[in-house]
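Please keep the structure open beside you as you read.

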Amino acid sequence: MLKQAQAAVAAIFLSSILSACGGGSDADRPPALPGSISSDPSAAADDAPSGLMVGYYQEDASNNPEDPMPGTFYMNLPVRSGDYSGQMYYTYVGCQDENVGTISGNKTVDGDISGTWAGTVDGNPVGGPYEGQYSGNTGLYEGTYQNTGGKLHIQIEGCVDYHVAAHGTFKLFPVEVSWPTSFSLSKGDGDIVSWTHPADAAYTFVTVIDRAAALTDGTEAILYQDTQFVDPGSTGDAFNASGFRQSGRERIVVIVSFGSDDQMLAYSSIVIK
């Protein structure tokens, strides 16, 4: 946890953060794939979706109890099988470097995805393998990732003091899909996206992605990411995406709701011009 944020939970998200995964010692070994992934291959196979998949990665809190954080994660998957690319994003505050991890991998006809990711986090090299699978039961891709360099402690004087976890998990959804289906986003005037909080929501992770960039070379595809805490008694919230408007280009706004235990409660994305 950021040293300057130990007395205030909100400050953790505003001035510390970043994520990654890992390997190394026993404490750095990644957990098994999430239990919600179906063990029945027939639940994936030809039903595995292709195209742009957007979602998030989540640091393992058992490895990084100081400041486990979510971050933006996307892949542009091929039809049935083949190679693909994507990105992970780690920048939350303006005094950080532009921290982007480049993803490469291969998808099988059974909906398995695997590969590597690599990048730098404020000047520190990070990267490693990942693997996941599509589940027809849940309608999403999910899996685990590692940072083979293990857990990092990074300090930038006058900016942030944070940790990068040795490993974590990820979840990816097709664009404009909601989970559960009762959770949805609404667009109002001026590119304001609003939603109703699910019960027990503690914070919301917000991402803005340039759709065209994500579908091509990925250059500057991730325009924004941040975390909003849920005020006590609040029933809903909103995000103004007008500051990321680019003429003729579509933006994807991704909203993920988490509980106080850092477990996902709801997910949705919407495309706006």
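This is a predicted model: local features need pLDDT of at least 70, side-chain atom pairs count only at pLDDT 80 or more; totals for chains, interfaces and linings use all residues.

Residues are numbered from 1 along each chain as its sequence is written, and side-chain values use heavy atoms, with hydrogens and water left out.

**The barrel**

Let us begin with the sheet. Eight strands close into a barrel in the order S1-S2-S3-S4-S5-S6-S7-S10, with antiparallel pairing. Ignoring direction, neighbouring strands of this sheet are turned by 25 degrees against each other on average. The axes behind such angles are lines fitted to C-alpha atoms, and angles run from 0 to 180 degrees between N-to-C directions. Strands here are DSSP runs (E, at least two residues), numbered from the N terminus, and two of them pair if DSSP finds at least two bridges between them.

On one side, strand S1 (residues 51-59) pairs with S10 in the antiparallel sense over 7 bridges, and Gln58 stands opposite Thr169 in S10. S7 also pairs with S10, again antiparallel, over 6 bridges; here Tyr141 stands opposite Leu172. Of the 8 residues in S10, 7 are buried, where buried means under 20% relative accessible area, exposed means over 50%, and partly exposed is in between (1.4 Å probe, protein chains only).

S7 (residues 140-146) has another antiparallel partner in S6 (residues 124-135), joined to it by 6 bridges. Within this pairing, Gly132 has Gly143 in S7 as its bridge partner.

**Backbone spots worth a look**

Most residues other than glycine have a negative phi, and most peptide bonds are trans. Which residues have a positive phi although they are not glycines? Arg80, at about 60 degrees, is one of them, and Asp262, at about 70 degrees, is another. Arg80 sits in the loop between strand S2 (70-77) and strand S3 (82-89) and is partly exposed, with a relative accessible area of 45%. Asp262 belongs to the loop between strand S16 (251-258) and strand S17 (264-272).

The peptide bond from Trp179 to Pro180 is cis, with omega near -10 degrees. Pro180 is found in the loop between strand S10 (167-174) and strand S11 (186-187).

**Aromatic pairs**

How many aromatic pairs does a search of the whole structure find? The count is 12. Rings of Phe, Tyr and Trp (its six-membered ring) pair if their centres lie within 6.5 Å; planes under 30 degrees apart count as stacked, over 60 as edge-to-face and the rest as tilted. Two of the pairs are set out here.

| Pair | Type | Centre to centre | Angle between planes |
|---|---|---|---|
| Trp117 and Tyr145 | edge-to-face | 6.3 Å | 80 degrees |
| Tyr203 and Phe229 | tilted | 6.3 Å | 50 degrees |

Trp117 lies in strand S5 (residues 112-121) and Tyr145 in strand S7, so their pair ties together parts that are 28 residues apart in sequence. Trp117 is buried at 2% relative accessible area, and Tyr145 is buried at 1%.

Because Tyr203 lies in strand S13 (residues 203-210) and Phe229 in strand S14 (residues 222-229), the second pair links parts that are 26 residues apart in sequence. Tyr203 is buried, with a relative accessible area of 3%, whereas Phe229 is partly exposed at 26%. Ring pairs also bring Tyr203 and Phe229 into a cluster with Tyr56 and Phe258.

Methods: Helices (H or I, at least four residues) and strands (E, at least two) are DSSP runs, numbered from the N terminus.
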